[in-house]
Amino acid sequence: MAVTPYWLLLLSMSVGTWSVPIDHNKMPPGTEPPQEDKQDDNKDTGLYYDRYLREVIEVLETDPHFREKLQTANTEDIKSGRLSKELDLVGHHVRTRLDELKRQEVSRLRMLLKAKLDNTNAHDIQVDHAALLKQFEHLDPQNQHTFEAKDLELLISTATKDLESYDKERHEEFKRYEMLKEHERREYLKGLDQEKREEEEKRLEELKEKHRQHPKVNAPGSAKQFREVWEETDGLDPQEFNPKTFFKLHDTNEDGVLDEQELEALFTRELEKMYDPRNEEDDMMEMEEERLRMREHVMKNVDTNHDRLITLEELIKFTEKKEFNNSQEWETLDDRKPVYSEAELQQFEVELRDKEIELGRRAASLQHEEELLRERGKALEAQKKEYQQALLELSQKQKDPQAVVGQPPTGPKEELEFHEEVKNAEEDAKVPVSQEEGREAQNSLPADHVQSQSTQSP
């Protein structure tokens, strides 16, 4: 059952963006291939709503009515949003599942935005409100509970726009990678003395030259390149090349079109001439950039309706053109100028230094905060010991009240109690003294003390 090409684009991109390896043991037509377990490729597209997109497509395809409308829709119907109006006619269980998917997506976005806001507030960074609002472009934020036609329309339009700019972002990412690599190379050479620097420069140049020593690379999409795949991968006679058979052999999912994954897989043989992951001189990031360039080259020449898919009719028409038989060699990245200019590299290095300074400032701030927390921890530990000591003393007082120093003991009714020797001393003080004993005691006192007592008596 055929599905409209543009929807297949979204579906294929939602399954994965990187190329899949060619099956070098693929059998010719009519030969029954050995039974093998199919591998489910669920690589991410790079879109921040990738999972949501895939799940919505999968749920919609379970509805017979929507799938029927999808078969008769063209690319413009999908891109314009006219297909979204058919959402009102899908089954109840489909709408219920779509509502659930949208609520999950809204919840995910809320947590994502909260984390971003917390991070910006913690580091005193100005909030980019435009970037935050962009997170909701693929759904209707005014209705956060049900999936409506507007949600499908926004999802398709946003995915279309993002996927169209995806290749450009990959080129920009590769440019940053190359500038960083060159920056690190220059910084490394600066740290060497003259003799070692010359030796290292010579070694790096030898690696570059070694990488350039590879077999001729055929232009992607040319008759020579297709026939080489036909012979070495498909195991067929290159003189019997047939575009229709070639198309069916490499339409691996049998959907009637060659998508970007299937197309990039055709270039594996050419890329293997230039790159080997076991070699120091071969950069695998450069290989993926080369693969992207090859795919763009073929799409530009073959994809006449610019839907990022190649139909059988488009391929046959291209093989009838004289450009198809052009045996010109492919211009690789090594044959081209660097993807960046010296001015761009200098600007990149300025931005890199600014980031390093900012990271250093933040690291110093974090270290200072760590020291403050360490000191605070010591103070809290000392305070904890004081509290523990106070609790220990309080516990001892509660267990043995008489152990308190400087306070007399108390009785059952909180009255004061005295030791036996204190009571005996008080009783002795109350015994009457005879007159004779009193005179003897008075005679023993000093004279001035006696005189003072006589003057005080009435």
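This is a predicted model: local features need pLDDT of at least 70, side-chain atom pairs count only at pLDDT 80 or more; totals for chains, interfaces and linings use all residues.

Reader: Ok. So is Asp-193 buried or exposed, or something in between?

Author: Asp-193 is partly exposed, because its relative accessible area is 42%. Asp-193 is in the loop between α8 (166-190) and α9 (194-212). Helices (H or I, at least four residues) and strands (E, at least two) are DSSP runs here, numbered from the N terminus.

Reader: Which surface patch is Asp-193 part of?

Author: A negative one, formed by Asp-193 together with Glu-195, Glu-198, Glu-199 and Glu-201. Patch members have over 30% relative accessible area and no salt bridge; like charges are joined within 9 Å, and nonpolar side chains (Val, Leu, Ile, Met, Phe, Trp, Tyr) within 5 Å. Asp and Glu count as negative, Lys and Arg as positive, and His and the chain ends are not counted. Each charge is placed at NZ of Lys, CZ of Arg, CG of Asp or CD of Glu.

Reader: Let's zoom out. How many helices and strands does the protein have?

Author: There are 19 helices and 2 strands. Of the 458 residues, 34% are buried. The protein exposes about 30,400 Å², with carbon and sulfur atoms supplying 50% of that; areas come from the Shrake-Rupley method with a 1.4 Å probe, and for residues only the protein chains shown count as cover.

Reader: And how many salt bridges turn up in the whole structure?

Author: A search finds 33, counting a side-chain nitrogen of Lys or Arg within 4 Å of a carboxyl oxygen of Asp or Glu. One of them pairs Lys-181 with Glu-286, whose closest N and O atoms are 3.1 Å apart. Lys-181 is in helix α8 and Glu-286 is in helix α14 (residues 284-302), so this pair ties together parts 105 residues apart in sequence.

Reader: What about Glu-232, which partner does it have?

Author: Glu-232 forms a salt bridge with Arg-269, the closest N and O atoms being 2.2 Å apart. Glu-232 lies in helix α10 (residues 223-232) and Arg-269 in helix α13 (residues 268-274), so the pair ties together parts that are 37 residues apart in sequence. Glu-232 is partly exposed, at 39%.

Reader: While we're on α10, which of its residues are buried?

Author: Ala-223, Gln-225, Phe-226, Glu-228, Val-229 and Trp-230. The buried residues of α10 pack against α11 (243-250), α13 and α15 (312-319).

Reader: Back to bridges. Where do Arg-308 and Glu-260 sit?

Author: Their side chains meet in a salt bridge at 2.9 Å, N to O. Arg-308 is in the loop between α14 and β2 (310-311) and Glu-260 is in helix α12 (residues 260-265), a link between distant parts of the chain, 48 residues apart. Both Arg-308 and Glu-260 are buried. Salt bridges that share partners join Asp-167, Glu-260, Glu-264, Arg-295 and Arg-308 into one network.

Reader: New topic: what does Leu-258 touch?

Author: Beyond its neighbours within four places in sequence, Leu-258 is in contact (heavy atoms within 4.5 Å) with Phe-247, His-250, Asp-251, Leu-309 and Ile-310. Leu-258 is in strand β1 and counts as buried because its relative accessibility is 3%. Its C-alpha is 6.5 Å from that of Thr-311, 53 residues away in sequence.

Note on methods. Residues are numbered from 1 along each chain as its sequence is written. Side-chain values use heavy atoms; hydrogens and water are left out. Buried means under 20% relative accessible area, exposed over 50%, partly exposed in between (1.4 Å probe, protein chains only).
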